[in-house]
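Student: I would like to go through this chain and ask what stands behind each label.
Tutor: Go ahead; here it is.

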Amino acid sequence: MEKLLFLINITVIPIIWGVCITSGVTFGLYIAFQRLDFSKMFKANSTVQIKVILLFVSLAIGCIIGLGFGILLNSILNLF
């Protein structure tokens, strides 16, 4: 029973950390992208489209970084 709980902890820890890292990176990237001027690439008065594109781009990059961190943490935990 203790070994089963240990295996559950090993598999859950990278997932939890991956979600936390993904959320933080996504929020940080969204704030950073809002500081840039994208109005030259889009038509006038298209702020909603710019925000939606920035949200999806920051979410995609955040998921990639969070997934990479989760895989790295899982690999480190499997060494021990």
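Student: Leaving aside neighbours within four places in sequence, which residues is T22 in contact with?
Tutor: T22 is in contact with G62, C63, G66 and L67. Bear in mind that this is a predicted model. T22 itself lies in helix α1.

Student: Why does T22 count as buried?
Tutor: Its relative accessibility is 15%, and buried means under 20%. The value falls under the cut-off, so T22 counts as buried.

Student: Why is F56 called exposed?
Tutor: F56, a residue of helix α2 (residues 47-79), has a relative accessible area of 54%. Exposed means over 50%, and therefore F56 is exposed.

Student: Which residues make up the largest nonpolar core?
Tutor: That core has five residues: Y30, F33, F38, I50 and L54. The elements giving two or more residues to it are α1 (2-35) and α2.

Student: What makes this set a core?
Tutor: Membership requires buried residues of listed nonpolar types, joined through side-chain atoms within 4.5 Å. Y30, F33, F38, I50 and L54 form such a set. In soluble globular proteins, nonpolar side chains tend to be buried together.

Student: What does Y30 touch, not counting residues up to four places away in sequence?
Tutor: Y30 touches K51, L54, L55 and S58. One of these, L54, is also a member of the core.

Student: Where is N45 found, and why is it called exposed?
Tutor: N45 is found in the loop between α1 and α2. Its relative accessible area is 81%; exposed means over 50%, so the label applies. Phi of N45 is near 60°, a positive value in a residue other than glycine.

Student: How many helices and strands does the chain have?
Tutor: It has two helices and zero strands.

Student: What share of the contacts with a separation of 6 or more comes from residues 24 or more positions apart?
Tutor: Such residues account for 80% of those contacts.

Student: And what share of the 80 residues counts as buried?
Tutor: 20% of them count as buried. The accessible surface of the chain comes to about 6300 Å², with 76% belonging to carbon and sulfur atoms.

Terms used
Residues numbered from 1 in each chain as written. Predicted model: local features only at pLDDT ≥ 70, side-chain atom pairs only at ≥ 80, totals over all residues. Heavy atoms only, no water. Helix = DSSP H or I, 4+ residues; strand = E, 2+ residues; numbered from the N terminus. Buried < 20%, exposed > 50% of the residue type's maximum accessible area, 1.4 Å probe, protein only. Contact = heavy atoms within 4.5 Å. Areas by Shrake-Rupley, 256 points an atom, 1.4 Å probe, with all protein chains shown as cover.
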